Amino acid sequence: MIIVNNVTKTYGKIVALNNVSFNFNNSSVIAIMGENGAGKSTLLKICTGILPFDKGQVTIDGFDIVKDSIKAREQIGYLPEMPDMYERLTGREFLFYIASLRKLNDAEDRIGEITKMIGINDFLDYEIGSYSKGMKQKISVTSAIMHNPKNLLLDEPVYGLDPLTSRALQDFIKNRKGTTVIATHSTQLVEQVADIVYLIMRGRIILSDKVSTLVSRYGSIEETYFQTKDGLNV
Amino acid sequence: MFETTKIVLTENTRSLIKKLKDAPFLYVMFLGMILFSIVIFSFAAYFLMNIETNLDISLEDVFFTVFFIFFLKTVADFYNNFTKSQLVTYSLSTQVSQKRTAFEIFLAVLFTDLIIWFSFSLMFLFTLSVFRININYPFEYLLFTLGVITASCIGCAVSVNFFSPKKYRLLPMLILLGFYFYFSHPIYVVFTLPLAIIHCGWSIKNSMESYLFSKRKERTKERSLVKIRSIIKAQFHRETTVLWRDKLLFSFVFTSITTGLFSGYLFLYGDEILIPESLRQTIGGFLPSMFLFLGVYVVVMYTAVFPALNLFLNEEKTMWIIRCLPIKNDTVVYGKVSALALCFLTTIPFIPYISIFTGFDKLGFLLWFLVFSYIAGIIVSVPLGVKYVGKKSDILLLYSVSMILFLVLGLMVSFINIIERFFDYPIIFYLLILFFEIFILYFSLKFSSQILALKYKSTYPL
């Protein structure tokens, strides 16, 4: 469970998040949508403890991300939007490095299982520097989910992935237990996997509802997005 | 017209301004260091012109030093701005000829080289004039300027062809460099400028073969080394793997050996080479100790300060990996710094090689001073590396840290001299100093982890 309470984040004069609050419950897939620069990635980075914020509080399964940072981060798996990794390590070395830092002593089978599922197992012994965008994404996805985190934060998870891997990842998200938060522009992905959708614009939440309710009201998530935006004259 | 040149220059200038704003202290210090160096070089020139010495620094030596600095700079700049630059894909995909785009990038690099050359050389000449040294040498200045242009052309050609699948294209430039080495006169370099321009143009024409060069390196044999480790060991293994694969550990050992031989040689013969016979009795005495000091200093700079800074400065885009994992800041710092233990081992060859010249009676002191300097290097570098984590301004920071370390080691040597005069058994003091230094190292690492924590601390948590 992730609770974001009145969080404000500014970059100089630009307000990325303006006093926003979320309550991401257990066993649900939450999608966050919004225009470019709306604050989606910023929110995810704040929830993982990567980015400091100006005001508010974030708790992960009851642990404060600032005061109990280590405990909070134990409960999280995170996939960034543009995963830069150590280019001179091989994919296998990188994943075992992450597993070591997470103290996962039995990670070998789990890594084998996930890399096979997303189709990167044949390239694990090549240096990451020679990987394509999609291959890097696959390694990063593996590092985010290898420890079965209770809370999974994914920033554009299917970006750069081939259709087969994209479907495998969507199935994984739908079937997993725990909280999954996805920041994405893909309305198709939201309709496929999400239970609840939040629409953020200029650092504020302008809409939050169940995906099924919005689809029955507007016809699709894409239509929901356009009509909500038009209604606000943004 | 010259859109790509303008874009590259604007991008590089804005990047420099951003760095200036992000780390003003560092850049003010760097500016101070540059001015200080220019004054020192001018003073050295004044000294060499007015004092009779066996040291013979000719115009050719200075010319080739300047030449190789600009040569190496151009190789690196063209690689960064063209060969590995993703940004260039936008320019390369327009209707403008790709050769022209590559040429415009070369122009941007050349323009930067010339700006640096003119600004630094004019500052130097101005300082010389303050010392009342005649600076009216227009022909020599023209030679140097043409030398810089030649170096830029050759640097560009080498940079392009080094990453080309057709390595034989490097051959003309290697022959040219060999020719310079053989004749060792600036005029021969300047005469070959047309050849360098032709080869540079030909290389630029074929530069697309090197663009975004990458080799898919398979490491199946190293699979057996991959396993789950403790946090500190995992970080140690990651850092040292990168050092190993970048071949830095080899270069550390090589530097230790060559510095040992070179400083050992100067320890024995330095005063004969540098000091006139008439002055040798009065001022020659301090030179052997100075060369021991400088030898250790160079080794520590390269094997401790350089990797210690890069442990953090290189984490520009990868810091998210560690930040989202449940690890304490202390552990991050300790894990990374543990990799320096292996780097220390690469300094050991320095001792036997310098001892060939100094004899073995100084072995104990040398070993102690090497250990002391190495730890001092870490104490100074790690907090500054953490402070500027991801800033990538490593050369500037390296320069500033080198000056701080020089001061620290200089003070320690003076202190040791005083101790040796007043106490019969200074070994106890040596051990006490090391013991005290380890305490300072501990606090330095603690302080570094606090700085790391501060960088990611929210300002007003409820």
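User: Is Arg132(B) buried, partly exposed or exposed, and how many other C-beta atoms lie within 10 Å?

Analyst: A residue is buried if 20 or more other C-beta atoms, placed from the backbone, lie within 10 Å of its own, exposed if 12 or fewer, and partly exposed in between. Arg132(B) is exposed, because 8 other C-beta atoms are within 10 Å. This is a predicted model, in which local features need pLDDT of at least 70 and side-chain atom pairs count only at pLDDT 80 or more, while totals for chains, interfaces and linings use all residues. Residues are numbered from 1 along each chain as its sequence is written, with chains lettered from A and ligands numbered from 1 in the order in which they are written.

User: What is the phi of Arg132(B), and where is the residue found?

Analyst: Most residues other than glycine have a negative phi. Arg132(B), although not a glycine, has a positive phi of about 60°, and it is found in the loop between helix H5 (98-130) and helix H6 (138-162) of chain B; helices (H or I, at least four residues) and strands (E, at least two) are DSSP runs, numbered from the N terminus. In chain A, Arg202(A) also has a positive phi, near 45°, and lies in the loop between strand S9 (196-201) and strand S10 (204-210). With 17 C-beta neighbours inside 10 Å, Arg202(A) counts as partly exposed.

User: How many residues of chain A are in contact with chain B, and which element gives the most?

Analyst: Two residues are in contact if their C-beta atoms, placed from the backbone, lie within 7 Å. Here 38 residues of chain A are in contact with 36 residues of chain B, and on the chain A side H3(A) gives the most, with 7 residues.
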